[in-house]
Amino acid sequence: MPFPPFLRPVLLAVLTTSGVLAPHLAHAQGAAGAFLAARQAGIMNDFSASLPYLERLHSLNPEDRSTLEGLVVSSFTVGEVEQAARNAADMLALEPTNRIAALVLLSQAFVQTDYTRALDLAQSDADMHPLIAGLSQAWAHLGAGRMSEALETLDQISGMEGMEAFAGYCRALSLALVGDVEGALAAIEDPETGVASALNRRGYMAYAQLLALNERFDEAVTLIDTVFLTGTDPRIDRMRDSYAEGQTLPFDVISTPAQGMAEVFSVMATAMENARNPVEALIYAQAAVWVNPALSEAQLMIGQIFEEIEQPHMAAQAYDAIPDDDVLGNAARMGRAQVLETLGRRDEAIADLTAMAEQNPDSYASYSVLADFLRRDEQFAAAAQAYSRAIALMQDAGLSPEWPIWFSRAVAYSRADDWDAAEADFRRALEVEPDQPTVLNYLGYSLIERGEKLDEALDMIERAVAGDPDSGYILDSLAWALFRLGRYDEALPHMERAVEMEPTDAVLNDHLGDVYWAVGRQREARFQWRRALSFAPADQLDEDLVRRKVEHGLDAVREEAGEPPLHPAE
């Protein structure tokens with residue numbers, strides 16, 4: 001995952017040029033090793049590991065801008081914000097237009113509620129994103145007590161294409177902050193800006209609070225019931241209970257202009273992540289949580305991004321920063337469990353998820369995630385039980401389970417040798433989504449393997465192929481169904497195509513060997529069986545059986561199993 005172009009840190013610059021550093025530095029004591037180590041860390045997105053090497057390079061040549069910028073980027077992305085700010089000040093002195101340095105120092109100014117400094121940075125020549133530069137000016141003006149200037153700035157930003165909705169949302173937050181409830185509500189409901197249709201979770205919280213403060217209690221309750229799930233956020237539940245009784249609560253989505261700017265950073269992080277720019281997203285998210293440490297949405301995103309760029313240890317640290325009693329505490333624990341599994345510590349993950357489910361007995365999400373981990377750990381009976389609990393909780397909450405959870409429980413039942421229960425759940429999944437290729441394929445293939453309802457199974461698999469024609473595994477199911485029905489010549493092209501699409505899959509190569517044998521191509525069959533063994537071990541490949549086919553042929557193996565030979569043995 002490359003760094004965004006505007007950052008240009010030394011970690012990736014070394015990949016394209018050997019002239020980044022001053023000539024004498026290349027010969028300095030220890031520089032070469034630090035240089036190569038920093039490069040390798042950059043390739044691996046291991047920002048934490050890069051820091052000591054970048055510091056070494058910086059000490060040898062303090063004027064090198066690429067090294068200094070690399071220090072700013074690496075330290076800020078891992079949350080070493082004070083170090084990043086020190087280096088950013090040096091960076092901005094060398095290069096006044098540097099975007100990342102200005103962004104770090106802008107964040108620091110809001111942390112320190114130094115609104116004069118924030119305004120100076122926002123109005124400087126630094127190459128910041130127009131939304132960041134403009135909205136930081138608005139929040140800095142508000143922080144300095146200049147409400148008129150803040151609103152004028154927001155009006156200017158609202159006139160920029162694509163920025164109307166978020167500028168309008170910031171207007172609503174700023175008006176709410178100074179007690180102008182009617183003005184804040186009007187800003188959200190302005191049809192010209194479309195704020196109400198572009199709100200995130202925190203935006204809907206703000207909207208509900210403002211509706212209630214304007215004594216529109218019924219609308220506030222309806223909004224909460226429409227947007228939020230009951231029982232998932234105690235804060236939301238308290239709001240709803242109060243509004244249902246006609247009681248207002250203070251506006252508390254933000255309480256300072258600095259927290260307003262943290263909302264901006266958080267939304268910008270989301271936009272960068274959606275645009276597949278994870279490093280930029282990480283920088284904006286770190287800025288958000290530095291300014292407002294309680295902004296758990298941004299903290300959760302930090303963990304998710306570190307997972308995405310394959311830094312599990314940093315992801316775990318990010319998730320650990322969210323308290324268990326936070327509304328996103330369970331989501332953080334689930335993320336941490338995923339990290340533990342990635343690190344080969346699935347037992348720890350399951351233990352923590354089990355504790356989480358016990359601590360949250362009404363959370364269907366907790367049981368569903370626990371079930372997924374148990375299934376991957378091949379604890380199939382326990383997984384089915386956890387899925388059952390999740391399904392019951394969903395139904396108790398008035399929710400209709402979607403096809404994936406029926407499918408997952410069906411797989412668990414199937415692997416636990418409870419086929420009747422499994423088939424029932426597969427069919428429930430198809431009731432929800434009749435043409436779902438994964439479900440059709442799994443059920444159809446299972447029926448073929450069991451020798452049951454072969455015509456129906458073939459129809460299911462053909463529908464699965466129609467829904468996902470580029471899946472080698474679904475094509476394998478179609479070929480195997482035709483094989484089991486004795487339609488060997490029809491099976492062959494589908495089986496060959498499946499292996500072309502998944503050339504290293506042991507089971508598919510084994511199946512192709514069987515089809516080759518069935519059409520009289522015994523030499524090629526043995527070749528495919530040997531190929532299958534070369535890709536073993538595989539979960540569903542019986543290696544002893546395949547070796548017997550190589551040695552004795554498929555007909556002899558079928559006779560051993562009490563099945564008729566396909567044709568006379570060699």
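# Reading the terms in this predicted model

Q: Why is Arg 333 called buried?
A: Arg 333 has a relative accessible area of 9%. Buried means under 20%, exposed over 50% and partly exposed in between, with a 1.4 Å probe and protein chains only.

Q: What makes the contact between Asp 352 and Arg 333 a salt bridge?
A: The N to O distance between the two side chains is 3.0 Å. A salt bridge needs a side-chain nitrogen of Lys or Arg within 4 Å of a carboxyl oxygen of Asp or Glu, so this pair qualifies. The two residues belong to distant parts of the chain, 19 residues apart: Asp 352 is in helix H20 (residues 346-359) and Arg 333 in helix H19 (residues 329-342). Helices here are DSSP runs (H or I) of at least four residues, strands (E) of at least two, numbered from the N terminus.

Q: Why does Asp 352 count as partly exposed?
A: Its relative accessibility is 21%.

Q: What makes Arg 409 and Asp 425 a salt bridge, and which helices hold them?
A: Their side chains meet at 2.5 Å, N to O. Arg 409 lies in helix H23 and Asp 425 in helix H24, so the pair ties together parts that are 16 residues apart in sequence. Both Arg 409 and Asp 425 are buried. Elsewhere, salt bridges that share partners join Glu 341, Arg 346, Arg 376 and Asp 377 into one network. A search of the whole structure finds 37 salt bridges.

Q: Why is the ring pair Phe 407 and Phe 426 called tilted?
A: The structure holds 11 aromatic pairs. In this one the ring centres are 5.9 Å apart and the planes stand at 55°. Rings of Phe, Tyr and Trp (its six-membered ring) pair if their centres lie within 6.5 Å; planes under 30 degrees apart count as stacked, over 60 as edge-to-face and the rest as tilted. An angle of 55° is in the remaining range, so the pair is tilted. Phe 407 in helix H23 (residues 403-415) and Phe 426 in helix H24 (residues 419-432) are 19 residues apart. Phe 407 is buried at 12%, and Phe 426 is buried at 0%.

Q: What makes the pair Phe 407 and Tyr 442 edge-to-face?
A: The angle between the planes is 85°, with 5.6 Å from centre to centre. Phe 407 lies in helix H23 and Tyr 442 in helix H25 (residues 437-450), so the pair ties together parts 35 residues apart in sequence. Tyr 442 counts as partly exposed at 24%. Trp 403, Phe 407, Trp 419, Phe 426 and Tyr 442 form one aromatic cluster.

Q: How do you know that Arg 376 lies over the face of Phe 373?
A: Arg 376 is 4.5 Å from the ring centre. A charge sits over a ring if NZ of Lys or CZ of Arg is within 6 Å of the ring centre and within 35 degrees of the ring normal. Arg 389 lies over the face of Tyr 367 at 5.6 Å from the ring centre.

Q: Why is Glu 215 called exposed?
A: Glu 215 has a relative accessible area of 63%, and that is over the cut-off for exposed. Glu 215 is in the loop between helix H12 (201-213) and helix H13 (217-227).

Notes:
Residues numbered from 1 in each chain as written. Predicted model: local features only at pLDDT ≥ 70, side-chain atom pairs only at ≥ 80, totals over all residues. Heavy atoms only, no water.
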